[in-house]
Amino acid sequence: MPPPRLRGGGIILVKREVILIKGKFSKLLIKNFAEYKWNYLFILPKFLLFFTFIVIPVIWAFFLAFQEFGIFETKWVGLTNFKEAFTGDLFWIALWNTLRYTLTVVPAQIFIALVLASLIHPFSRKIQTFFRGAYYFPTVTSVVVISMVWRWMYTSKGLINYFISILNLGPINWLGSSNWALPAIILMSVLTPPGVGIILYLAAMDSIPESLYEAARIDGAGSITSWIRITLPLIKPTTLYLVVIGTIGSFQVFTQVLLLTDGGPGYATTTLVHLIYNAAFRDFDFGLASAHSIILFGIVLIFAFIQFKFLSTDVEY
Amino acid sequence: MKKFILLLIGIVLIAAMLAPSVLAESKVKITVWDGFRWPNEEGDKYHWIKSRIAKFEELHPAVDIELVEVAWEKLGEKMNIAIAGHDWPDIGPVDISDGAVNLKYVEQGVIEPLDSFFTEEELNDFFPAALNAYSYNGHLYGIPTSMTVHALMLNLDIFKERGVEPPVDGKWTWNEFVTKMKKLTFDRDGDGNIDVYGFSTYVLKGYYEAWPFLMMDGGKPLSTDNTKYTFDSPEAISGLTKFASLKFNHKVSPMEMGSADVGGCFQAFANPEKRIIAVEPWASWAIATLRNNKKYQMNFVVAEYPTGKTGESVTIGGSGGFVVFKQKDKEKLKIVAELAKFLSDAEQQYTFAVNYGTFPALKSAQAMDPFKDNPQMRQAAEMLKYAVSLPRHLNWPQIDERIQAQLQLVLNGEKTATEALKTAGEQVQRFLK
Amino acid sequence: MGFKDILLKIIKVIFYIILFIGAIIALFPLYWMFITAFQLPNEVFSMPPKFIPTVVKKFIPLLLQGDKEQAIFILTESLRNVKILFIDTGLYRWFMNSLIVSVVSTLGILLFDSMAGYVFAKKQFPGRDFLFWMMISTMMIPGQVTLVPMYILVTRLGIKGSLYSVIFPPLAMVFGVFLMRQFMKTIPTELIEAAKIDSASELSIYWKIILPLSKPALATLGILVFMSVWNSFLWPLIILNKDYLFTLPVGLKSLQDKNLVDYGLLMSGASISAIPMFIVFLFFQKYFVKGLTLGSLKG
């Protein structure tokens, strides 16, 4: 029976869990294996693939952070890459930009998805399907296309400046000014409909039995109250999923920024993944890239922990 | 349903097994990467290298050459990973926009020096600037096949519309330039807003269209021995100040000038629906486009960058070509080097020049007069004399990034030239060691 | 038919209008993408944009006017991108490659991730939380740094350059497990207990109870995975060397010039690329059923 593998990658993680597992483990080893057989079998295919194509590369990348990568010889340099990462002139700016982006975009997108899904949910199946499609289809447009459209909208004589000229403001050099470039990119992300979120929320809302709402109505609850007291809590698992995945994704924002401003003007829109990308693909410094990645990973992990703490529930319908 | 899936998987298995063909053991296998060039009638952008490969295989029956087609934009990424994965090709192209052989690769030791494969005579046939771009520490690390310069493209229709004469012989001083730009900035439809601007360009790391302006008073990014940052000299500052004044004082440039939008900049100049900029600097690939591309065809001439205090025009040149990657087998190296030379001889360089809008790197190819019917290329070819190359410093990309970032902040009005160039200097110190 | 009912109806109508406007805004970039594919070369960047392509506006009127030549000219010009893509390039091969890769990956993930998600959601066993966190945390590592080790790994496994190298790595993706787990957590445990009492095997519980109840999640996951694999670009670009094995995004990219983006061609490619995803969506959306647990929550 394959024991949980405690490898290099695992050591960074949940130390507490490790100790707990070790304790639990020795006790349970003696117990009934047959009971757990099916559990492990069900996970096996996924785990084999996961281990081969994700864990092994991740471990390699992890060790690389402590080395100076060379084609013919790689030297062990301990924490030098991490020192270089933290003292880099761009690191803190990139971190700040990435934080600003994530902390705005993720809550906004989830809120919008929630509101839209809640608005769609009461309608008949046919109308639901129509809106589900309408809000999903845009996600099919590649990021490249969306970025190009927005870049065009942000030009000096583009759509956005046209709108604000009606209010007698501007024109603003959106993508060219240090103050407005990042907000412009954030706006683009927020206004791109969260099709995935809408679909997931709708799916979750669809699974809530009508009987709960009926019972609430009998007790005299209005629609807003039942939304707050019944719907929201019961879709928490979906919310947790969207928050965690959204955070992970936003922290890694890169392609849109590359297409719109390439990190500029100055460093106003440089993000953490920019640094990683440049270190790996321009400077051939894979060790530094790995060090940056581990730092990024650590930050996101902390966020994820907090999110799990607040949003994890054992909800059943 | 299950059967269908099994069938699918079966198909995939078979396809995967058929993919790598079985080669005769005795053949020498050479892998060549190339980016696309000009298309033939069928639209095949790789036809040039395919025909050269076929020719070489004819002459050398024991050699089997595999071509990998790579889009230029993605060449760097794909190449980096292949190299890191110890899976480099035998021959790879150098993107002419990069301007020179990649020093990081040379430093890592994955590029074969080719000195022993060239005679003194052959080496003398190369233009010194081209050879320089492929040399490092006294060795030759590749073969230059083409050269490029940056030049100003002038939309003659707008000049005519405003009754402005293009500069004689393509030469103008800074003051002449500004005067003309002012005349070319106007309100075309009478709505009170300026519709057409005299000049625009973009600022983006790795691109140098704007730099000859910064250098026109004598400013240089690094000292000749590449150990000191010199871009905060009074000459550089005055160059940058003049450049920024186009937008802020003389108002001959739109808000977009100095932004990172390369595509938008080109569209504003060349798209027939727009054409709202009279003059834009571009690398010489634009000449071929503005001449031949059905959509972007333009009535245009080429001019030099205006001269500043030094009285001499300056431009930035670069060189594209091929490199040979490290070989384990000395015998194979000989054949690969021969193939590399086969791809880069004078005949090929002439062909490139005629079809692809590049300048030859060989004097003998230039002597074949590829531009007899091409006045714009001939004008640009004159500029090769003034072309300087970028500093050959190992960390140039990082240095460049810092400088370009500060330049962007000058052109959006947030910093003065002095502040920007001084800040860049501080940031760049750690890379100069 | 009281005041309250009328108010509710009005609110519903307002919601509908808001949603509709939102949908229009949302669909705009997509619409622009499709029509750019058919714009005449000069009109791609018109400001204000030509919301209805010239070919649509003018083709029939021109025919009616008897100006056949001009009409045909406009038609062929508008379709030139389509011609380039379908005739001059290996689009068909790229399309099929992408199809094979995406379908196999999607089916594989639906199966494996639902199995794993079920276990993580409903079962206890030593190492469960540890394994789960290990999986989640690997998502937090930016893909760029694992490219090189993956490349070396794939080379050592001998599948470099073949379609296998783009089918297997996606099967390792983790977000599906997370998604299935979250959804399956909401399935009432009593159902599983009840089945066990009836001596159902683990497999049949999974197949007959869990899976049917998870249809919406499976449908969503299917759509997401298909889209992710279909659009994946960087890894296939790096690992595939043969033109006839390229997936669609890689093939389309090979047509693009570095400095001169041919927007019409780009959008045509993107539009063609988008079509299978619509089809996949339409296929899966019938599984978005309401109130699945209703039937099973008796007594």
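This is a predicted model: local features need pLDDT of at least 70, side-chain atom pairs count only at pLDDT 80 or more; totals for chains, interfaces and linings use all residues.
About 3500 Å² of area is buried between chain C and chain B, with carbon and sulfur atoms giving 63% of that. Area is a handy place to start, because the size of an interface is often given as the accessible area lost when the parts come together. As for who touches whom, the contact brings 38 residues of chain C up against 38 residues of chain B.

What holds charge against charge here? Between chain C and chain B, the count comes to 2 salt bridges. One of these pairs Glu66(B) with Lys242(C), whose closest N and O atoms sit 3.6 Å apart. That spacing qualifies because a salt bridge needs the nitrogen and the carboxyl oxygen to be within 4 Å. Polar contacts turn up as well: 6 residue pairs across the interface of chain C and chain B meet the rule, with both residues at pLDDT 80 or more.

Helix H5 (91–122), helix H7 (147–156), helix H8 (164–171) and helix H13 (234–239) of chain C each bring at least two residues to the side that touches chain B. H7(C) gives the most, with 4 residues.

Now for a look inside chain C itself. Chain C is divided into domain 1, covering 3–84, and domain 2, covering 88–296. Where these two domains of chain C meet, 11 residues from domain 1 and 11 residues from domain 2 take part in the contact. The area buried between domain 1 and domain 2 of chain C is about 1100 Å², and carbon and sulfur atoms give 72% of it.

How many salt bridges link the two domains of chain C? The count between domain 1 and domain 2 of chain C is 0 salt bridges.

Which elements of domain 1 of chain C face domain 2? Helix H1 (3–38) and helix H4 (80–88) of chain C are the elements that give two or more residues to that side. H1(C) supplies the largest share, 6 residues. The residues on this side of domain 1 of chain C divide into 8 nonpolar, 2 polar and 1 charged.

Terms used:
Residues are numbered from 1 along each chain as its sequence is written. Chains are lettered from A and ligands numbered from 1 in the order in which they are written. Side-chain values use heavy atoms; hydrogens and water are left out. Contact means heavy atoms within 4.5 Å. Buried area is the accessible area (1.4 Å probe) that two parts lose on being put together, summed over both. A salt bridge is a side-chain nitrogen of Lys or Arg within 4 Å of a carboxyl oxygen of Asp or Glu. A polar contact is a pair of N or O atoms within 3.5 Å; within protein, one must be able to donate a hydrogen and the other to accept it, and residues adjacent in sequence count only if both atoms are side-chain atoms. Domain bounds come from an automatic or database domain assignment. Ala, Val, Leu, Ile, Met, Phe, Trp, Tyr, Cys and Pro count as nonpolar, Asp, Glu, Lys and Arg as charged, and the others, Gly among them, as polar.
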